[in-house]
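Subject: Structure handover

Hello,

Here is the structure for you to take over. Please open it first, then read my notes below.

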Amino acid sequence: NFSALRDRGPFDFPPMETPDIRCVKALGQKRVGGYGIIWGDETSKDLYDEWFTPATKEMTVVFDSIKKLPYLYNHAMDGSLKTSVMGVIDTLEEDEIGLWYEAQLDMSNKYREAFLDLTRKNRIGSSSGTLPGARDVAKSGEILRWPIVEISATPTPADLRHISDRPIQIVKTL
């Protein structure tokens, strides 16, 4: 039961051994879910030396207004897939681990089956996007304001806690 895994606390898992519930997961009915944001602190900075906390302001303001967000692949920066809209995020909830989302996949997206295959292999993480002018980060790296305008499925999230299978290319870049 996936909800039982999701309801476990963030410290119930060894940090590198079992972060697979933090990967994007197939939920059935052509739906996926995952953590768009995982709470952190100075000891769990992402590749940009930044982290989110429950105090980060305005994260859900866009979603709260229109009740949906686009679910993209790799922030529309993939050279082959370009701006591939994988689906629509229709659930966004904060819990003790971070900001959980669920998305209905676009049934006509030609990459859907390949994407679902990557989710089964725990190779897809999540990343949230904001507007450049809305982003506010303290000198310490704490993200103070981040109104989410999209969440992306990505094989290379900035926060490596979003994936469990760390390809050697990622490890080498560190």
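This is a predicted model: local features need pLDDT of at least 70, side-chain atom pairs count only at pLDDT 80 or more; totals for chains, interfaces and linings use all residues.

Strand 4 (residues 85-94) and strand 5 (residues 98-105) pair in the antiparallel sense, over seven bridges. Helix 3 (residues 112-120) packs on the sheet. Among the strands that helix 3 touches are strand 1, strand 4 and strand 9 (148-154). The direction of helix 3 makes about 145° with that of strand 5.

Seven strands form it, in the order 1-2-5-4-3-9-6. The sheet is open and its pairing is mixed. Strand 1 (25-28) and strand 6 (125-130) are the edge strands, each pairing on one side only. From one strand to the next, the twist averages 35°.

The chain overall:
- There are four helices and nine strands.
- From the N terminus, the elements run α-β-β-α-β-β-β-α-β-β-β-β-α.
- The chain has 174 residues, and 48% of them count as buried.

Next, the salt bridges. The structure holds eight.

E50 bridges to R135, with the closest N and O atoms 2.4 Å apart. E50 lies in the loop between strand 2 and helix 2 (61-66), and R135 in the loop between strand 6 and strand 7, so the pair ties together parts 85 residues apart in sequence. E50 counts as buried because its relative accessibility is 12%. R135, at 38%, counts as partly exposed.

E58 and R145 also meet in a salt bridge, at 3.2 Å from N to O. This pair links distant parts of the chain too: E58 is in the loop between strand 2 and helix 2, R145 is in strand 8 (residues 143-145), and 87 residues separate them. Both count as partly exposed, E58 at 39% and R145 at 30%.

E113 and R112 form the third, at 2.6 Å from N to O. Shared partners join K30, R112 and E113 into one network of salt bridges. R112 is buried at 13% relative accessibility, while E113 is partly exposed at 42%.

V137 sits in strand 7 (residues 136-137). V137 counts as partly exposed, at 24% relative accessibility.

Over to you.

Definitions and conventions:
Residues are numbered from 1 along each chain as its sequence is written. Side-chain values use heavy atoms; hydrogens and water are left out. Helices (H or I, at least four residues) and strands (E, at least two) are DSSP runs, numbered from the N terminus. Buried means under 20% relative accessible area, exposed over 50%, partly exposed in between (1.4 Å probe, protein chains only). Two strands pair if DSSP finds at least two bridges between them. Axes are lines fitted to C-alpha atoms, for helices over the stretch in contact, and angles run from 0 to 180 degrees between N-to-C directions. Contact means heavy atoms within 4.5 Å. A salt bridge is a side-chain nitrogen of Lys or Arg within 4 Å of a carboxyl oxygen of Asp or Glu.
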